[in-house]
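Work through these exercises with the structure open beside you. Try each task before you read its solution.

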Number of protein chains: 2
Amino acid sequence: MEKIIEIVPNFSEGKDKAVMEAIVGPFRGLDGIKLLDLEMDPSYNRSVVTVIGTVEAVGKGMVESTAIAAELIDLRKHKGEHPRMGALDVLPFIPIRGISEAECIELSYQIGEAIHARTGIPVYFYAKSAKRPQCENLPDIRKGEFEGLAAKMRDPFWKPDLGNAPHSSAGAVAVGCRKPLVAYNIDTDSSNRKKVLQIARRIRFSGGGYRCIQAGAARLEDRNICQVTMNLTDYTQTALYQAFEAVKMEARRYGINVTASEIVGLVPKACLESSLKYYLGMDEEEELNLDLEGIVKLAKRHLLLRDFTESKIIEYYLD
Amino acid sequence: MEKIIEIVPNFSEGKDKAVMEAIVGPFRGLDGIKLLDLEMDPSYNRSVVTVIGTVEAVGKGMVESTAIAAELIDLRKHKGEHPRMGALDVLPFIPIRGISEAECIELSYQIGEAIHARTGIPVYFYAKSAKRPQCENLPDIRKGEFEGLAAKMRDPFWKPDLGNAPHSSAGAVAVGCRKPLVAYNIDTDSSNRKKVLQIARRIRFSGGGYRCIQAGAARLEDRNICQVTMNLTDYTQTALYQAFEAVKMEARRYGINVTASEIVGLVPKACLESSLKYYLGMDEEEELNLDLEGIVKLAKRHLLLRDFTESKIIEYYLD
């Protein structure tokens, strides 16, 4: 089985379609690689790109793409709502299939080095690839943003892992391996944002809830309902079904009902499988022999997933 | 309102009733203080004492009690299954009523100093009273036990907060403020320990579950059933009802039913109140106007508490 990884590079350009098309160019039409998504956010002035592929193809494409971004994006002229320190701001590596976390960390080192060698952009290794505790958390690295980078790098505590000073126009980049993050929202039949926020507070880690749930409340203006909006930071620890059932349990307190749920972006097949096993009364270790169509059908039934198709499952793009 | 605290001193003597009676003597018949429990464990060779009272009475009684323990317990001759470093091994302070956590920490410093002044026993401030990160976790302080104390204290990293060297026969003591810990078990109708352990794993923090739940599985031999056995390390963050409902939810996977639950030792009234509000459909901020009798009745109904009476609620002993 080929080693497949996902990368989700974030670039500091969210308005100019032509610039972003040039930057993602190296991911198009190459063997062994697929551009799954290019999401441009003008107010953030930032784009999030989702790519999967083999180790070799992704590495080659990513170095090319970074070189183009360094040429076309000038942080000295960049403004946007989202904090940023680089043209390519952050580059997460996510193991998908046939590759261990340790291999993925090693790969992030190799590609970080290749990017630095090609462009001169200094690199911080972050998340699971962090070589120092202060580099585990991206917002800590990015604090002070592009404008504060030169001063920050003179502090030995914040010296980059590769390089000594910021790239004059492209800043710096954080590169590292992390778990797949699942963006998951649960619709309620309530328009009371305060109560839905109470539900979110109870289930999230910061409120004493589940270890790998970050959660808040959001109003869907067009339907006049509120949803619990979540990130599952590690679905292998806290499962989708736990988030779904915990929201239902907390909602009962207020006489609020759960009407549907949705996955934003892509989800690994294993994330759905492990939760379906709960509803099917299976042990974790038992094999669930379902194709993508079967998984979608049962996920809709048990998790009330809406707007969900096979194309939301990462494995749809493989094979 | 008077400031009421609970202390739970652990002494390294679990066999000799006469010795323990002498040690708890200062807690008996004093105004403003009540000895709630003296639990002697012969195989651990350790006793756990539970006392509540006013700040002044508890302080006075505790210094006296420590002085007697230092006279009657000789760690050089002590053997038991439980790790220990002192005659008085650990002294937790728990805020109960009318006292803030900050005041409780301050009180632990004052009483720690009084104990050290009276007996010469060196003191480590631990838990919320820790003055250094390495002293937050009791097992870290106690590692090496009594026999390793002298060498450990020569390492500047492990110098005690008060004193420089172990007391020759009474060792050292950890003193500090912590949250009330609620020991809570949930009975199932299953005798399958493996499956009940799976349930426990799913709900506990270390398995991706709730932030303040430690959990395992235990078999009740006489009834041939298994229970999920838990510590709630901070009920103000993770509530009793969340533990109870999460166990029911996980148990459904295996067709296992929850038949009852039990609180081991004492529980603060506020812990029950906050969970009853969930079942009554009330907001957290709403006032629950119930006396102890009413709380017991509803806790039995909604949490299926067994062997539960008003005398399990700390406030029963106040007023």
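## Exercise 1: Two helices in chain A

The axes of helix α2 (residues 55-72) of chain A and helix α3 (residues 101-119) of chain A cross at roughly 30° and come within 9 Å. This is a predicted model. Task: classify the orientation of α2(A) and α3(A), then describe the contact of α2(A) with α3(A).

Solution. 

Step 1. Angles under 35 degrees count as roughly parallel. The axes cross at roughly 30°, so α2(A) is roughly parallel to α3(A).

Step 2. Look at the handedness. The crossing of α2(A) with α3(A) is right-handed.

Step 3. List the residues. From α2(A) come Val55(A), Gly59(A), Met62(A), Val63(A), Glu64(A), Thr66(A) and Ala67(A). From α3(A) come Leu107(A), Ile111(A), Ala114(A), Ile115(A), Arg118(A) and Thr119(A).

Step 4. Sort them. The contact of α2(A) with α3(A) holds eight nonpolar, three polar and two charged residues.

## Exercise 2: A second pair, in chain B

Solution. 

Step 1. Over 145 degrees would count as roughly antiparallel, and 65 to 115 as roughly perpendicular.

Step 2. α6(B) passes α7(B) in a right-handed crossing.

Step 3. On the α6(B) side, the contact uses Ile199(B), Arg202(B) and Ile203(B). Their partners in α7(B) are Ala246(B), Val247(B), Glu250(B) and Ala251(B).

Step 4. Five of the contact residues of α6(B) with α7(B) are nonpolar, none is polar and two are charged.

## Exercise 3: The nonpolar cores

Task: find the residues with the most contacts inside the largest nonpolar core.

Solution. 

Step 1. The largest nonpolar core has 94 residues.

Step 2. Those with the most contacts inside it are Tyr184(A), Met230(A), Leu272(A), Tyr184(B), Met230(B) and Leu272(B).

Step 3. Zoom in on Leu272(B). Leaving out residues up to four places away in sequence, Leu272(B) touches Leu240(B), Ile263(B), Val267(B), Ile295(B), Ala299(B), Leu305(B), Phe308(B) and Ile313(B).

Step 4. Another core, of 56 residues, lies apart from the largest one. Ala69(A), Ala87(A), Leu107(A) and Ile121(A) are among its residues.

## Exercise 4: Buried or exposed?

Task: is Glu293(A) buried or exposed, and is Glu71(B) buried or exposed?

Solution. 

Step 1. Glu293(A) lies in helix α9 (residues 292-303) of chain A. Glu71(B) lies in helix α2 (residues 55-72) of chain B.

Step 2. Exposed means over 50% relative accessible area. Glu293(A) has 54%, so Glu293(A) is exposed. Glu71(B) has 69%, so Glu71(B) is exposed.

Step 3. Glu293(A) and Met85(A) are 208 residues apart in sequence and 42 Å apart in space, C-alpha to C-alpha. Glu71(B) and Asp187(B) are 116 residues apart along the chain, with 43 Å between their C-alpha atoms.

## Exercise 5: Positive phi

Task: where do Asn45(A) and Ala127(A) lie, and what is the phi of Asn45(A) and of Ala127(A)?

Solution. 

Step 1. Most residues other than glycine have a negative phi.

Step 2. Asn45(A) has a positive phi of about 55°. Asn45(A) sits in the loop between β3 (33-41) and β4 (46-54) of chain A.

Step 3. Ala127(A) has a positive phi near 55°. Ala127(A) is in the loop between β6 (123-125) and α4 (138-142) of chain A.

Step 4. Buried means under 20% relative accessible area. Asn45(A), at 7%, therefore counts as buried. Ala127(A), at 18%, is therefore buried.

Definitions and conventions
Residues are numbered from 1 along each chain as its sequence is written. Chains are lettered from A and ligands numbered from 1 in the order in which they are written. This is a predicted model: local features need pLDDT of at least 70, side-chain atom pairs count only at pLDDT 80 or more; totals for chains, interfaces and linings use all residues. Side-chain values use heavy atoms; hydrogens and water are left out. Axes are lines fitted to C-alpha atoms, for helices over the stretch in contact, and angles run from 0 to 180 degrees between N-to-C directions. Helices (H or I, at least four residues) and strands (E, at least two) are DSSP runs, numbered from the N terminus. A crossing is left-handed if the near helix is turned anticlockwise from the far one by less than a right angle, and right-handed if clockwise. Contact means heavy atoms within 4.5 Å. Ala, Val, Leu, Ile, Met, Phe, Trp, Tyr, Cys and Pro count as nonpolar, Asp, Glu, Lys and Arg as charged, and the others, Gly among them, as polar. A nonpolar core is a set of buried Ala, Val, Leu, Ile, Met, Phe, Trp, Tyr and Cys residues joined through side-chain atoms within 4.5 Å. Buried means under 20% relative accessible area, exposed over 50%, partly exposed in between (1.4 Å probe, protein chains only).
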